[in-house]
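Let's take a friendly walk through a protein model together. Have a look at the sequence and the structure first, and then read on.

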Amino acid sequence: MELYQRQQFDLLVMMAVDRFVERIVQRCAGAETALARLRSEPQGEGIWLDQFVAAMFQDVLLDNPAGACFVLQAVAGRTLPALPAGKIEDTLQIMARRAFADILVMRSEEVLERMISYGE
C-alpha cells in the first residue's frame, strides 16, 4: 500500500471513530455506559455497530469491490473468521466490513477509556 493510501485509510478510520464515539456516547447517555455496551453487545441498542459500518462504507463510497479492496489492502495482516461461500463481490464486502468494524471497536474503546479517565 502506498503511503498516500495509508494516510487516506488512517484518516478514514479517525473520522469513523470520531463519528461513532460521538453517536454511542449520546445514545447511551455517557461514555461509561457506551463502553460497557460496546464490549457486551456491539449490535445492541444504542450501538448498532454493523449498521454504522454499512452506512460509513456507503457515505465514503467503499460499498463496492474496489472500496472493499482498499480496506482489505490496509488491513492485510489481520485475521478474520471463515466466511460462508458466496459471490466474490459480497465476500469482499463482508471481509472489509468485519475488518473495519474490528478496528473501529478497538479504537473506539481507546477513546472511550480516555474520556472516562480524563473526564472528557
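Is Ala82 buried or exposed? Ala82 has 76% relative accessibility, so this residue counts as exposed; buried means under 20% relative accessible area, exposed over 50%, and partly exposed in between, with a 1.4 Å probe and protein chains only. Ala82 is found in the loop between α4 and α5. Its C-alpha atom and that of Met95 are separated by 9.6 Å, and the two residues are 13 residues apart along the chain.

Before we go on, a word about the model. It is predicted, so local features need pLDDT of at least 70 and side-chain atom pairs count only at pLDDT 80 or more, while totals for chains, interfaces and linings use all residues. Residues are numbered from 1 along each chain as its sequence is written, and side-chain values use heavy atoms, with hydrogens and water left out.

Helix α4 covers residues 65-74; helices are DSSP runs (H or I, at least four residues), numbered from the N terminus. The buried residues of α4 are Gly67, Ala68, Phe70, Val71, Leu72 and Ala74. They pack against α1, α3 (49-59) and α5. Gly67 counts as buried because its relative accessibility is 5%.

At the N-terminal end of α4 sits a cap, Asn64: a side-chain oxygen lies 3.1 Å from the backbone nitrogen of Ala66. Such a polar contact is a pair of N or O atoms within 3.5 Å; within protein, one must be able to donate a hydrogen and the other to accept it, and residues adjacent in sequence count only if both atoms are side-chain atoms.

**How the helices pack**

Two packed helices are described by the angle between their axes and the distance between the axes. Axes are lines fitted to C-alpha atoms, for helices over the stretch in contact, and angles run from 0 to 180 degrees between N-to-C directions.

| Pair | Angle | Axis distance |
|---|---|---|
| α1 and α5 | about 60 degrees | 9 Å |
| α4 and α5 | about 40 degrees | 9 Å |

α1 and α5 are therefore oblique to each other, and α4 and α5 are oblique too; angles under 35 degrees count as roughly parallel, over 145 as roughly antiparallel, 65 to 115 as roughly perpendicular and the rest as oblique. The α1 and α5 crossing is right-handed, whereas that of α4 and α5 is left-handed.

Which residues meet where α4 packs on α5? From α4 come Pro65, Ala68, Cys69, Val71 and Leu72, and from α5 come Glu89, Leu92, Gln93, Met95, Ala96 and Phe100. Nine of these residues are nonpolar, one is polar and one is charged.

**Two glutamines**

Gln93, found in helix α5, is buried, with a relative accessible area of 10%. Not counting residues up to four places away in sequence, Gln93 touches Phe57, Leu62, Asp63, Asn64, Pro65 and Ala68; contact means heavy atoms within 4.5 Å.

Gln5 lies in helix α1 (residues 3-27) and counts as buried at 17% relative accessibility. A polar atom of its side chain lies 3.0 Å from the backbone nitrogen of Glu2. Leaving aside neighbours within four places in sequence, Gln5 is in contact with Phe70 and Gln73.

Definitions and conventions:
Left-handed = near helix turned anticlockwise from the far one by under 90°. Nonpolar A, V, L, I, M, F, W, Y, C, P; charged D, E, K, R; others polar.
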